[in-house]
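Subject: Handing over a structure

Hi,

Here is the structure I promised to pass on to you. Have a look at it first, and my notes follow below.

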Amino acid sequence: MMTRRLLQLFTGLAMYGISLAMFIRAGLGLDPWDVFHQGVAGKTGLSIGAVVVIVSFLVLLLWIPLRQWPGFGTLCNAVLVGVFADIGLALIPEFAHLGGQIGMLGGAVLLNGIASACYIGARFGPGARDGLMTGLARRTGWSVRTSRTGIEIVVLAAGWLLGGSVGVGTVVYALAIGPLVQVLLPWFAVPEAARPPAPGSGADQAVPAGSGWHVGQK
């Protein structure tokens, strides 16, 4: 299980970074956080991957007052997505015609959905931005939807003012990514290992001998 979880985590984060590069090369608009990343990159001269990494760690600082703690996957996410975004931008060409842009956008949304299901299903902790959303909801009593919407409106507006790309791709991502991850997640969710019954609980006698059941099987 651990080998599968690690493989899913690193593969998912690599695909997520590549999908970000595909969104940028499509040139039809980015998701709210990446509109912000692109805007900051344009103003500072840093690569978008470097901005993703820096913003990830700045967001993690906001976890402190929320009493939210990062997992192993959170830290990997903070570093690797930006690294692979820059690798993707170095390898993927820009498209000058609309057909290629639309195809690249569709591929980016699909790859992003698969990547999200992979790293979420690996169960190593949320990304910095998702953790901010859930931590804010827990501390304020707001719904997760309200927390996410509020955060994304703020970063989208800031990114647009900084010159980030807002367009049809922004809308497509907002409408498609949730349903897509919901469909894909059961395929990638790593089941938690079953715990052995507590001694004397009687649960160990509840399974008939010879049934073929063993700890870890679901």
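What percentage of the residues of the protein count as buried? Of its 218 residues, 41% do, where buried means under 20% relative accessible area, exposed over 50% and partly exposed in between (1.4 Å probe, protein chains only).

Some ground rules: this is a predicted model, in which local features need pLDDT of at least 70 and side-chain atom pairs count only at pLDDT 80 or more, while totals for chains, interfaces and linings use all residues. Residues are numbered from 1 along each chain as its sequence is written, and side-chain values use heavy atoms, with hydrogens and water left out.

The fold has eight helices and zero strands (DSSP runs numbered from the N terminus: H or I of at least four residues for helices, E of at least two for strands). Residues 24 or more positions apart make up 80% of the contacts with a separation of 6 or more; contact means heavy atoms within 4.5 Å.

Leaving aside residues up to four places away in sequence, Trp 33 touches Val 55, Val 59, Arg 129, Ile 151, Glu 152 and Val 155.

Just after α7, Gly 163 takes a positive phi of about 105°.

Finally, the largest pocket holds about 1100 Å³ of space. On a 1 Å grid over the protein atoms alone, a pocket is an open set of points where a 1.4 Å probe fits, with protein on both sides within 12 Å along at least five of seven lines, and lining residues have an atom within 4 Å of a point. Among its 39 lining residues, Asp 130, Arg 148, Glu 152, Tyr 173 and Ile 177 are the closest to the centre. The largest share of the lining, eight residues, comes from α7.

Best wishes

Key. Points joined across faces, edges and corners; volume = space filled by probe spheres on them.
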